[in-house]
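Work through the exercises below with the coordinates open. Each task is followed by its solution.

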Amino acid sequence: MVAASVARVLVDSPLPQLDRLFDYLIPPELAEAAVPGVRVKVPLRSAGRVADGYLVEVVEHGEYSGVLSELESVVSPIRVLAPEVWALARKAADRAAGSASDIVRLAVPPRQVRVEKAFLAAEDAAPPPVITAAPIESYGQRVIESALALGERLAVDAVPGVREVGGGVWVGAWAVAMAGAAASVLAAGRSAILAVPDYRDQEQLEAALRHVLPDESIVRLDAKQSNPDRYRGLLRCLSGRPLAIVGNRSVVYAPAANLGLIAVWDDGDPLHSEPLSPYVHTRDAALLRQELQECALAFFGNSRSTEVERLVELGWLRSVSPVPLVLPKVVPTAQQSSTDRLAAQARIPSAAWKVARSALEHGPVLVQVARPGYAPRLACADCGQTARCLRCEGPLLQKSARSVPACAWCGALAVNWKCSNCEGEKLRLVGNGATRTAEDLGRAFPGVRVIIADGERQVLAVGSEPALVIATRGAEPIAAGGYRAVLLLDGERMLARESLRVGEDCLRWWSNAAALGAGGATTVLVGVGGALATALVTWRQADYARSELADRRRLRFPPAVRVATITGSVESVSRAVAASGVDPVDVLGPVDLAPPTVRTILRFDYNHGAAVAAALRAELIRAATSRRRSPTGRGPTGPNMRVRFDDVEPFLEA
DNA sequence: AGCACGCCGACT
DNA sequence: GTCGGCGTGCTC
């Protein structure tokens, strides 16, 4: 009799107590099929109960000393969980005190039998395409290419501006550089993973990729795809050929063949932050994977996040800038209205109005505003108190010039409204949404076409003809040939948000908008001065990130330190805090959230991260197994304890 | 999550 | 004597 091998299996369950490998005997009839990476079914606890899982490794002797059960079946021959992706999932989960299977769920889309059958039936006999990469412009002679070939880690300052990538399609210059980086890696026979925050960036990057790579070398892998499409994409990754794999945050877990590069665009965009447990940020997953696989790593951005700046200062990332430096012309201007009657009505400073007027003779002008809609807030015309819904106390807003004000929460129309403070019956509009700004600007520039782009009215691209393009931050379309001027109108309002990251975020929004200008276009930053305006004017966002990071070091705020947010019942949170081993001076809270739930923030240095994560993980398992919430609903069934690492949202500016 | 094991009240 | 309550704990 042959020595039986043991299959080590990850059970597909979010339960923290099942987040380890289980050993199973491989029955002789499955010996051929039981290879690492395949989906399997295994018995768990009692006969008849089978769980789905992934075969992680086959070993001679398992670690379990008890009696082993047998593998129930091998679901499919496809090795969907590549060993390096498993290693990454384990490492990322450990760092975030989460379950590896939660990461694996992001990495491996649900199986689609039809897609799989079609894939297995298709014989891919065609020889792999020969790829030649054109040089990446603006960074000096093969500077980026050779760094990537050596597996370096880079923080790349993007070149502002837009480029045509054939067929009249225009994309940000960053996309061309990132596509060039991917092409240079593919030309060397290796794969590249390219992560972007949203689908608008993805469209641009894909267009740039199609310009330099054959279609068969590009794979899309993102959350917007249907399950069959995602699974098809995964199977293409597993074909073994070098590919450019492009997608949003989960693409960092793609099973790339011979991975040569992970590139991340605009890592400061909050869409890179994974909303599902264990909340691993694209940036962190990319950093872990780079260490595991020793591929190259590049963060591209028009601006610089404090996290990337920290890594640059540590020497972990090398900063690369375009030579010679390309910088848009940015003019800061005070918040003072033009003397022109029409412009004054639109509340545009005279400097901005002049810039826009002359630019409109040549092409489109971008106007960036903070908020969508018409009037984001309404107030009592008599006493000035914010108007609230009579039914649910929600804030009122007005969607268009003619519409009746309505509640932002329950949608009730504010008819027969009366002020709760002074009994006043008249409403006054406060603030300008994109729609109201558009109306005002339309009046100030009669005869000019006005295009609105916001979350509801998404516009990806506009032509090169004169037009006023009013866009909320982050929703700016690309203009053919670039905008002739860019007005950043609501800077003050954007800065009023109470968040640790406001400065950083604003600089990113403004830089990304300014980067959409044509060469020689003027960007007007209205009503903002100080270090932020200086950083934008000098186009030295890294300087701002450096001083911001210095402030955070002084205050012991992230990313100078790491943080863990614990939410749950008072008892569970305080137990977890005690178990964490974090110094009491670095325990912030607890503060009350929804009634029974409280939140505490722990902060600690990076070198304590592993210990804190392990301690909190142990506490999570203890809470999940011992103190069980009663299924009948009776008894003290507290809120589930949750742990989230490196979430900066709860941090407000002091 | 499920499901078995285990240690105290009302039944044949 | 034991049938069964669901608190506690484990799953290879």
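**Exercise 1.** Describe the make-up of the surface near DNA strand C.

Solution. Start with classes: 7 residues are nonpolar, 5 polar and 3 charged. Here Ala, Val, Leu, Ile, Met, Phe, Trp, Tyr, Cys and Pro count as nonpolar, Asp, Glu, Lys and Arg as charged, and the others, Gly among them, as polar. Next, count the neighbours: 15 residues surround DNA strand C. Near means that the C-beta atom, placed from the backbone, lies within 6 Å of the strand. The closest are Gln17, Asp23, Tyr64, Leu68 and Ser69. Finally, assign elements: S2 (21-25) and S3 (38-44) each supply at least two residues. S2 gives the largest share, 3 residues.

The model is predicted; local features need pLDDT of at least 70, side-chain atom pairs count only at pLDDT 80 or more, and totals for chains, interfaces and linings use all residues. Residues are numbered from 1 along each chain as its sequence is written, while chains are lettered from A and ligands numbered from 1 in the order in which they are written.

**Exercise 2.** How many helices and strands does chain A have, and why does it count as compact?

Solution. Chain A has 18 helices and 31 strands. These are DSSP runs, numbered from the N terminus: helices are H or I with at least four residues, strands E with at least two. The radius of gyration of chain A is 27 Å, close to the 26 Å from the globule rule for 654 residues, so chain A is as compact as a globular protein of that length. The radius is taken over C-alpha atoms, and the rule is 2.2 Å times the number of residues to the power 0.38.
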